[in-house]
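Open the structure, try each task, and then compare your steps with the worked solution.

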Amino acid sequence: MPIRSAQDLVLVRQAVRTWSAELKFSLVEQTKMVTAASELARNTLDYGRGGHVTLEMLQEGLRKGLRLSFEDKGPGIPDIDLALRDGYTSGGGMGLGLGGARRLVNEFDIVSKVGEGTRVTVTRWK
Amino acid sequence: MERIPILRMGRVLLVTIQVDMHDQLAVTLQDDLTAKIVETGAGGVLIDISSLEVVDSFIGRILGNIATMSRVLDAQTVVVGMQPAVAITLVELGMSLPGIRTALNVEKGMTLLQASMDADEVVLEVADASLED
Ligand SMILES: Nc1ncnc2c1ncn2[C@@H]1O[C@H](COP(=O)(O)OP(=O)(O)O)[C@@H](O)[C@H]1O
Ligand SMILES: [Mg+2]
């Protein structure tokens, strides 16, 4: 799904909600996943100059999960540890998006290269 | 442009957020509320978020801004009806919504606002009385 406008953020939240419900995530699990998606999608838009997200349903034995991968070809993150720190923002945000999203999911992975772009992948298992 | 309606009930402005707000809608609400507090001299703002299924750090910041601005304009803000799943998520996100008073529902929020507006008036009256002395 494209992330190019504030309206796309609404569509991403809706899609993640639908997929989480389909996987029979509890209401709290759904809310956590949608909130994490909202934070990461906004970063893709605001800092990554837009990009896209890929949604993927996972099945590992009896375990089911939802994986979201946010990708942009923006400026990249020079210092990932700093970016993950609560309260750090290079814009006018609260600085809770990356750190908060990491707490709201089971698996969190971030790959970023200055001048090339950023990919943040999050997974939540049922 | 799409807008969230602001109702006036006596000295209180009542806002019910019923949609997944896109960013501009939230920013517009913040501006509209500020203008409305000034225009009506409202003493309280009640924001009902019981239909809101997601509050991320952006919306949290807007709610905080509204509370701060209304305080500057001598009005109190109470946010009511936050869904338990939203509250749990906000804590984990790291947003404690500092400075925002919350209540379970509109009725309780109204009671809270009324009480604090009455308290403000008592302080004013005391101030007036001491001026007269
Ligand atoms: N996709 C991205 N591309 C470039 N920089 C990013 C990206 N995502 C996050 N960042 C950087 O990490 C910082 C922290 O992000 P976040 O925790 O979401 O806080 P906020 O969005 O409030 O600034 C941002 O201010 C920005 O500098
Ligand atoms: Mg962010």
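The model is predicted, so local features need pLDDT of at least 70 and side-chain atom pairs count only at pLDDT 80 or more, while totals for chains, interfaces and linings use all residues. Residues are numbered from 1 along each chain as its sequence is written, chains are lettered from A and ligands numbered from 1 in the order in which they are written, and side-chain values use heavy atoms, with hydrogens and water left out.

**Exercise 1. Find the residues that surround ligand 1 and sort them by class.**

Step 1: Collect residues with a heavy atom within 4 Å of the ligand. This gives 18 residues, the closest being Asn43(A), Tyr47(A), Thr89(A), Ser90(A) and Gly95(A).

Step 2: Sort them, with Ala, Val, Leu, Ile, Met, Phe, Trp, Tyr, Cys and Pro as nonpolar, Asp, Glu, Lys and Arg as charged, and the others, Gly among them, as polar. The shell has seven nonpolar, 10 polar and one charged residues.

**Exercise 2. Describe the pocket in which ligand 1 sits.**

Step 1: On a 1 Å grid over the protein atoms alone, a pocket is an open set of points with protein on both sides within 12 Å along at least five of seven lines, and lining residues have an atom within 4 Å of a point. Ligand 1 sits in the largest pocket (more than half of its atoms lie within 2 Å of the grid points).

Step 2: Take the volume, which is about 680 Å³. Among the 33 lining residues, those closest to the centre are Asn43(A), Tyr47(A), Thr89(A), Ser90(A) and Leu98(A).

Step 3: Ask which element gives the largest share of the lining. H2(A) does, with six residues.

Step 4: Sort the lining: 14 nonpolar, 12 polar and seven charged residues.

**Exercise 3. Describe the second largest pocket and the largest cavity.**

Step 1: The second largest pocket has a volume of about 240 Å³. Its lining has one nonpolar, seven polar and eight charged residues.

Step 2: For a cavity, a 1.4 Å probe fits but cannot get out. The largest cavity holds about 50 Å³ of space, and its lining includes Arg13(A), Ser38(A), Asp20(B) and Asp56(B).

Terms used: Points joined across faces, edges and corners; volume = space filled by probe spheres on them. Helix = DSSP H or I, 4+ residues; strand = E, 2+ residues; numbered from the N terminus.
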